[in-house]
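Hi,

Here's the structure I promised to pass on. Have a look, and my notes on the sheet and the salt bridges follow below.

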Amino acid sequence: MRGEPSCPRCAGRVRAPGLFSDTWQCDRHGAVHPMQPVLPPSVEALGVAVARSQVPVWMPWPLPVGWLYTGIAHVGDDLSGARATAVACSGPAPLGGFGELVLVAEELGVGLGARYAGMAGPDPGESVTLYKPADAKLLAAGRPTPMFHVPQAPADRAVFVGEARGLWLWAVAWPEQSALVMYDELVLTDLREAGAELDLLPCGALSPRLLG
């Protein structure tokens, strides 16, 4: 795990604002919001991240049977608050074996979702369109949300993207077959609205997917 902020798009080093720039800078991607170090999953660390977030913190709730919360990443500094969040969950895959799901909420241009999706990014581009039917649907904070499959993703994962609360919503599942959870009436809760329910969240070991 990194102990310092990094670029949300490439995980490279970033330079803090200073004399010559009032933004965080990546040598490859220019001005970016900084990605903060990923912390091991705990209810306490999650609560801190939720409290400072300016974007939804999406979590399947209730979690699928046997699944655990396995970490959170967020992008932003102390002044801006979180401009993107990524929540990881892990558990039994629908077809057997072990599955992982990362849900990303982000503002336009941040690029964290595209990074986990294995795409150049920063945004999904033509993957989201009004001119084709949705490939899957889920319920995000009580609202039906169409999700579109991203065919350009690497073969080891399945990627879906949509829009919820005016922001990008990415769902990235490993292995690819784990995406079947997307077709099982998945219900997402914005943990900023969860309250005391956070104390009941079952936690597992940190997902290495957040570090990728």
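In this predicted model, G71 sits opposite A88 in β6. The two strands involved, β5 and β6 (residues 84-92), run antiparallel and pair over seven bridges; strands count as paired if DSSP finds at least two bridges between them. Strands and helices here are DSSP runs, numbered from the N terminus, with at least two residues (E) for a strand and at least four (H or I) for a helix.

Zooming out, β5 and β6 belong to an open, mixed sheet of nine strands, ordered β4-β12-β8-β9-β10-β11-β7-β6-β5. The edges are β4 (58-60) and β5 (68-75); each has a single partner strand, so one side of each has no neighbour in the sheet. From one strand to the next the twist averages 25° (axes are lines fitted to C-alpha atoms, and angles run from 0 to 180 degrees between N-to-C directions).

A quick word on the ground rules. Residues are numbered from 1 along each chain as its sequence is written, and side-chain values use heavy atoms, with hydrogens and water left out. As the model is predicted, local features need pLDDT of at least 70 and side-chain atom pairs count only at pLDDT 80 or more, while totals for chains, interfaces and linings use all residues.

Now the salt bridges (a Lys or Arg side-chain nitrogen within 4 Å of a carboxyl oxygen of Asp or Glu): the whole structure has nine. I picked out three of them, with burial given as relative accessible area (buried under 20%, exposed over 50%, partly exposed in between; 1.4 Å probe, protein chains only).

- D27 and R15: the closest N and O atoms are 2.3 Å apart. D27 is in the loop between β2 (24-26) and β3 (30-32), and R15 is in β1 (residues 14-15), twelve residues away. D27 is exposed at 67%, whereas R15 is partly exposed at 47%.
- R83 and E107: here the closest N and O atoms are 3.1 Å apart. R83 is in the β5-β6 loop and E107 in the loop between β7 (98-106) and α2 (112-117), so the bridge ties together parts 24 residues apart in sequence.
- R165 and D190: these come to 2.8 Å between the closest N and O atoms. R165 is in the loop between β10 (158-164) and β11 (167-174), and D190 is in β12 (residues 187-190), 25 residues apart. Shared partners join R165, D190, R192 and E193 into one salt-bridge network. D190 is buried at 0%, while R165 is partly exposed at 42%.

Cheers
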